[in-house]
Amino acid sequence: MAESHALDILDVELDGSTEASDETAAEGACGGGEDLTLRQTIGAGVALLAVVGFAASEASSSLSSQQHRTLGVLCLAVALWVSELLPIPITGMLVGPLLYLLEVCSLSEAIGPYMSNLTLVLFGSYFIAIAMSRHGLDSRFAEAITTSGAVKGIPWRLRLAMMFAGCTMSMWISNTGATNILTPIMLRSMNAVPNRRLSSGLAQQTLTGSLLSVAYACNAGGMGTLVGTPPNLVASRFLKEEGVDVGFVRWLGIGIPASLLVVSVCYAALFVCYRPRYVQLPSPAAEQCGRGRWTWGEKVVLGSFLLTVLLWLFPPIYSLAGGPGHVALKKKLPAGVAVLLGTLPMYVIRDKGRTRVLPWSAAKTADWGIIMLVGGGVVLGERMLSTGLADVLAENFTQATGISDIWLLTFLAIFFTIFATEVASNTATTSIMVPMVIATCKTIDPDPHKAVAPVLGVALAASCAFMMPIATPPNYIVKDTGHVELCEMAKVGFFVNLLCTGLLWLLLRALVPLIWP
């Protein structure tokens, strides 16, 4: 059934705003705009001072030459990442070559992390997300939740349903994509359009809280699965190098409770500050206009997604069951290989229109920048560990603070990471924090399993950026609708950050000893 002319206009405005928000958010998230901001100008000065200072002081440094040069690259990268003088992915791409040119590592060590099991997982996850978006499977899922009979137009139920949808979707697709899908649905549910405040103050307050709930849920959802967000994979990789296995199933044991806990905190905080009191669903004509029958493309994408999840889950479950050859199976089927095998049907099977379900023209639109950022962060972290720089920094830290308890370190790591990700990339922050946390743990207790709690604390905290629009694309997207002010986001986000610090610590304190005894 065709929608009314008014709703057609509304959809056009919403779609245009979503596309613009996506592009703007991507630019804002990556930095490196055409005009230099004050922050970028300051960053240029700091970067120049770092280069000159470290070059001039190497001869008199108490560090070894490799440690000194690694520290110089670290300071330069932090200055560029925080100031966004260069696009964030470009800074990540430069880290490996810089370390090689400074003779800190070999060429294979410098560029290997840019194409590893970790980056293969990212590639495969993006391919699944692109295919879902291409065939409308993600929108079908979101609308099924938000228009279900359980919601019935009740304001608090609608907000809760949207948060559940955002949390669940962002466990498997990017939080940016999930937010772009749900934001127009939320606006439509309130008969609102971008950049035009509602006439009713009560309705506007409800809409502001509901849009913030979408962004917060999409941020927190990434905690749930190992592939939900790059910091999870970064933490898993560093722990694996220390001999601690963090597989897909074990991560679920921590990630799902953490994600649900943070979403619950966000819902409660927004309920207090922006209680949902008003909602107006679209006209009956719009409600009757469903997505119709499943297309062949949607079925193939869903099948590929389920196959991928099965390949991720099977090796650890088979290993727990003690099946014959489980060690070889786990070694030959890492997550990166599993996701490429799981997505293979989408490249082979053709849709009803005789085009492939996922043609290369669509697949190549994946976010290649995050691959460069993750690769740069990992190679920098590895060199901090291999050169002993992380040990030196950790020793100085423990001497200065007198810290001698793993759980106190976990609390401090969570607190610092949560607020650091408000101004810096969560992947970059994780890549820098995890090696230092691991080294600090070694000074307290040499058992590598003791590092699990603080390292997981860093990874989970990296998804808790709720204060600033620049902290994460979902925050920027809802801010860009014109219905959320900076002060409104910062006010709620600050208290949510504090609550999450304590609650994530309690969660890790309870669950880590059970999963990694």
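Which side chain meets E242 in a salt bridge?

Author: The model is predicted: local features need pLDDT of at least 70, side-chain atom pairs count only at pLDDT 80 or more, and totals for chains, interfaces and linings use all residues. Residues are numbered from 1 along each chain as its sequence is written, and side-chain values use heavy atoms, with hydrogens and water left out.

The side chain of K442 meets that of E242 in a salt bridge, 3.3 Å from N to O. A salt bridge here is a side-chain nitrogen of Lys or Arg within 4 Å of a carboxyl oxygen of Asp or Glu. The pair links distant parts of the chain, 200 residues apart: K442 lies in helix α21 (residues 426–444), and E242 in the loop between α11 and α12 (248–273). Helices are DSSP runs of H or I with at least four residues, numbered from the N terminus. K442 has a relative accessibility of 39% and counts as partly exposed, the class between buried (under 20% relative accessible area) and exposed (over 50%), with a 1.4 Å probe and protein chains only.

By the salt-bridge rule the count comes to 7. Another of them joins R237 to E241, with the closest N and O atoms 3.3 Å apart. R237 and E241 both lie in helix α11 (residues 230–241), 4 residues apart, which is about one turn of the helix. E241 is partly exposed, at a relative accessible area of 40%.

R383 and E382 also form a salt bridge, at 3.9 Å from N to O, and both of these residues are buried. A network of salt bridges links R237, E241, E382 and R383.

Key. Helices (H or I, at least four residues) and strands (E, at least two) are DSSP runs, numbered from the N terminus.
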